[in-house]
There are 2 protein chains.
Amino acid sequence: MTQIVDQLISCRWIATVTEQNPLLEDYTLVVNHNKIVDLLPQDEVASRYQAREHFQLGDHLLIPGLVNAHTHAAMNLLKGYADDLPLMTWLNDHIWPAEGQLMSDEFVYQGTQLAIAEMIRSGTTCFNEMYFMPQQVAKAALEVGIRANIGLTVIDFPTAWAQNPAEYISKGLAVFDQYKGESSLRFSFAPHAPYTVSDEPLLKIATLSQELDLPIHMHVHETAHEVNEAIKSTGKRPLQRLHELGLLSPLFQAVHMTDLTSEDIQLVADNGVHVMHCPESNMKLASGFCPVGKLKDAGVNLAIGTDGSASNNDLDMLGEMRSAALLAKVASGQADCFSAHDALYCATMGGAKALGIDNLCGSIEVGKSADLCAIDLNHIATMPVFDPVAQLIYSASRDQVSHVWTQGKLQLKDGQLTNISLSECRAICEHWQTRLLQLKHNQS
Amino acid sequence: MTQIVDQLISCRWIATVTEQNPLLEDYTLVVNHNKIVDLLPQDEVASRYQAREHFQLGDHLLIPGLVNAHTHAAMNLLKGYADDLPLMTWLNDHIWPAEGQLMSDEFVYQGTQLAIAEMIRSGTTCFNEMYFMPQQVAKAALEVGIRANIGLTVIDFPTAWAQNPAEYISKGLAVFDQYKGESSLRFSFAPHAPYTVSDEPLLKIATLSQELDLPIHMHVHETAHEVNEAIKSTGKRPLQRLHELGLLSPLFQAVHMTDLTSEDIQLVADNGVHVMHCPESNMKLASGFCPVGKLKDAGVNLAIGTDGSASNNDLDMLGEMRSAALLAKVASGQADCFSAHDALYCATMGGAKALGIDNLCGSIEVGKSADLCAIDLNHIATMPVFDPVAQLIYSASRDQVSHVWTQGKLQLKDGQLTNISLSECRAICEHWQTRLLQLKHNQS
């Protein structure tokens, strides 16, 4: 007797990102009540399941939905606003003045809407966010149904969101309280960086993080300059200071990590810290190289993020996996130090582990949420196929992402967004482009 | 009175890649007899021209067709065949054995057909080729109408194409004689690398190159290992040896160039040598960093190439420009050392100059051939637009290439190839995939 289920997804290859079944060929995935309930050979399906919807995807590769492990979603509106500049000129003369003028609930909400559209279009089903107005990020994510881990930003300076660290924390926790019942949302403390948050709020965050079991999401060792300045002013490397303040634990997500000694690597390994690698941002801002091969060898969990669109300039995790794999090789001089399979792992399970949600998603396994992404490899640039994962990482581009599901909900079908209006996205862009061009005009 | 012309192309932006008019807005380009005959504001067109075909491209950016300055086209069939391996394992245990078994007229012809399809699909209108069976490359390029500079490979070792350097040269020159009347084809000598070609054939090539005005296309300083081994065996750096043999001149195209001292840079600058930068191949094979910022500052002409698909793994010049811009920054530590505009220049005019065809193509100017590429920036990932060139380099992907013309011939229309059959490409892939999988099976 056959069982009636919600969805069947049949495709040529399934990269489960599990140790037991790394790659399945000609399998069907069974989804019911938004969860993966079975994985079985295609020829066994008819006798066991009937589905309300059956996706016959041919030469597609199905992977776990991609986890963007670090971004500032609303900065999507600033992509291409200022490029090819040294970091401090870029920030001081362009990005911060623009943000200072425009930061508002509307800016964050609409910028995040646009970012979510781009992320889903390119296969991302979960993002780890650090910006302002977290309630607007929550609202935009909930409306579409994408999974989000929302950082509650803390910084010593006043912004349109809060005036001082105590207010950032209290306003952030109020947003956490408002949304903590939502199954697709998680929250973390997001102290901006060692050089922008002083000891007192960091100590408070360390305590609250353990008490509430909330992760800490922080830029750390983004550049050698940051590390050198910290040594000058505190006598310590930033990681050492964070360790002494009690922040380093399996709840800690260290973003960037480009200037690391072997002692630093041991410290993060010993404390179960997760590293969020943002290769394209590190390249574009000339920040430096995150030693992903050495971190992997030391047993550190690695995730991959795009960073904000203003320093990338996209939210394309397919491209980011590729850059991660390519950069790791040339930076280490070892062509075998970080493989296509490593990149896929970090962008799925690695991200889910870092966010503490690997029990829910990150791999294709019975019992997990149906957070999925299908890529059509029947494309001039990805034929022939010897290893579908190698073709995904080294040859495919984001336009080959054909279908995306978040928690069983179909978000992209044959390359078309099903729950987001492109014309609304265009209107958002036009509105903010006009305001940003005015700003540029007034400044010059 | 209006003039009747072949084609009008109207679009929002035209990046001419000339000093006088870097970016035109709301202009129309006029094509007649395969050449660019005018560029004028859109509102002046009606009173001056009538066209057989008028492309109204809206929010598109028109650029000169991209010049892929270094590739081995037929290796497209080997993409993803072996990845994530150290260079010598990759070559000795995988690539060379496969080539040894399969190299034939059919392999090169069909592999090149597939490569041309991928190149046109992603905006490339000219490629600089180095492989075997050059007559097959000529045949495949002529059939479609893509511009090609075909390397006449010379190597000390026997292959299916020739047995010794003298035979490589004589067979190569016979192909040159057969095709030299074709306006879309150019030829060059392609001695493989300093470590695979001895002095005698190199001296002969130096003489013939000057006599016939044929460029020389060569891998040089691909890795520090190559340079160190050369110093051990000859006491000289490879570039110095090539200089002493009389090869370095404005006819010389040096590919890779990752291990360069300031003396090396001065030497290539003084001799007018062109550098063909292949960033993704250098990353994937962990070869090293080409110091593009320093070369640019020294006045060296730079071009950008994808290298063969087996070490990239694609022929996507949009992605390659992006990797070039990102890698230059992180490798030098300077975020302003190589801009989006620099990347576009190198991938168009830089390539055309290196190939000695900048009088024909490489920029959008009256009198030049209509080698063109249009990119649709009305896409979720490239909105809003502040600088269309920055969006092209940092945010666009190859699927946004909408139209391509080679010498006035429409090759891609709304993303669809007009002169190449995709089903034929699929059949080619299936055929060679079967043979390559058999090889893998027999080896294991």
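**A covered helix, then two copies**

Reply: The buried residues of α3(A) are covered by parts of chain A that include α2 (105-121), β7 (124-131), β8 (147-154), α4 (165-179), β9 (185-191) and β16 (409-413); helices (H or I, at least four residues) and strands (E, at least two) are DSSP runs, numbered from the N terminus. This is a predicted model, in which local features need pLDDT of at least 70 and side-chain atom pairs count only at pLDDT 80 or more, while totals for chains, interfaces and linings use all residues. Residues are numbered from 1 along each chain as its sequence is written, chains are lettered from A and ligands numbered from 1 in the order in which they are written, and side-chain values use heavy atoms, with hydrogens and water left out.

Me: How many residues of helix α3 of chain A are buried?
Reply: Eight of the 11 are buried (under 20% relative accessible area, with exposed over 50% and partly exposed in between, 1.4 Å probe, protein chains only), so the helix, residues 134-144, is largely enclosed by the rest of the structure. Among them are A:Pro134, A:Val137 and A:Val144.

Me: And what follows α3(A)?
Reply: A:Gly145 does, with a positive phi near 105 degrees.

Me: Switching topic, how can chain A be laid on chain B?
Reply: By a turn of 180 degrees and a shift of 0.0 Å along the axis, with an RMSD of 0.0 Å, superposed by least squares on the C-alpha atoms of residues with pLDDT of at least 70 in both. The two copies are thus related as by a two-fold rotation axis.

Me: Which C-alpha of chain A is nearest the axis?
Reply: That of A:Asp399, 3.1 Å from the axis.

Notes. Contact means heavy atoms within 4.5 Å.
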